[in-house]
Structure formats: C-alpha cells, structure tokens
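Dear colleague,

Please find the structure below, together with its sequence. A short account of what was found follows it.

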Amino acid sequence: MAIRMPRIIKKSSKAGDVPKGHFAVYVGEKQKKRFVIPISFLSQPLFQDLLSQAEEEFGFDHPMGGLTIPCDEDVFIDLISHLSRI
C-alpha cells in the first residue's frame, strides 16, 4: 500500500515560487509560515470553511500581503493532508 504525501510546497519565500495552478497562503496564529497549495483545494468544503474563518478574523485586510489563515500550522497540515486524499 502506497502512502500519498500532501501536494504542498512548504516555506516558499518568493512570489515567483508559486507554480501554475497553485496559490500562496500564510498560516499561523503568531508566527506565519507561507505555504503554496493547489487551486483545486478552493472547491473543497473543508477548505472553504477555513477561508470563512479567516474572513471573520481578517476580513479583506491581510497584513502579510497575501491570504492569511489564522490556525495552528499542524491543524493546517492535517487538513491539507486530508484534502490531498480526496
């Protein structure tokens, strides 16, 4: 049985690091880390719920200059791992 790894690129540092079909998000409550994830995640209900929570906390003013998701990094990685299997 093969184990499928999440399709995320962790800790990309430049805007040019985002491959076609992906987008960058900043994740964390205090210290934010940048993740690059597939655009296909935007259609997933779990990810949409997470985006709704981010909207409630930050509105459309994202202090990092990109989409900011205020959750624990481990929780985000678990969610992304789950979405990668769908």
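This is a predicted model: local features need pLDDT of at least 70, side-chain atom pairs count only at pLDDT 80 or more; totals for chains, interfaces and linings use all residues.

Residues are numbered from 1 along each chain as its sequence is written, and side-chain values use heavy atoms, leaving out hydrogens and water.

Helix 2 comprises residues 73–84 (helices are DSSP runs of H or I with at least four residues, strands runs of E with at least two, numbered from the N terminus). Its end C-alpha atoms are 16 Å apart, which agrees with the 16 Å that twelve residues should span at 1.5 Å a residue (1.5 Å times one less than the number of residues).

The buried residues of helix 2 are Glu73, Phe76, Leu79, Ile80, Leu83 and Ser84. They lie on the same side of helix 2, because their arc around the axis is only 135° (taken from the directions from the helix axis to the C-beta atoms).

One salt bridge was counted (a side-chain nitrogen of Lys or Arg within 4 Å of a carboxyl oxygen of Asp or Glu). It pairs Glu73 with Lys33, with the closest N and O atoms 3.3 Å apart. The two residues, in helix 2 and strand 3 (residues 33–38) respectively, are 40 residues apart. Glu73 has 17% relative accessibility and therefore counts as buried; Lys33, at 25%, counts as partly exposed.

With kind regards

Methods: Buried means under 20% relative accessible area, exposed over 50%, partly exposed in between (1.4 Å probe, protein chains only).
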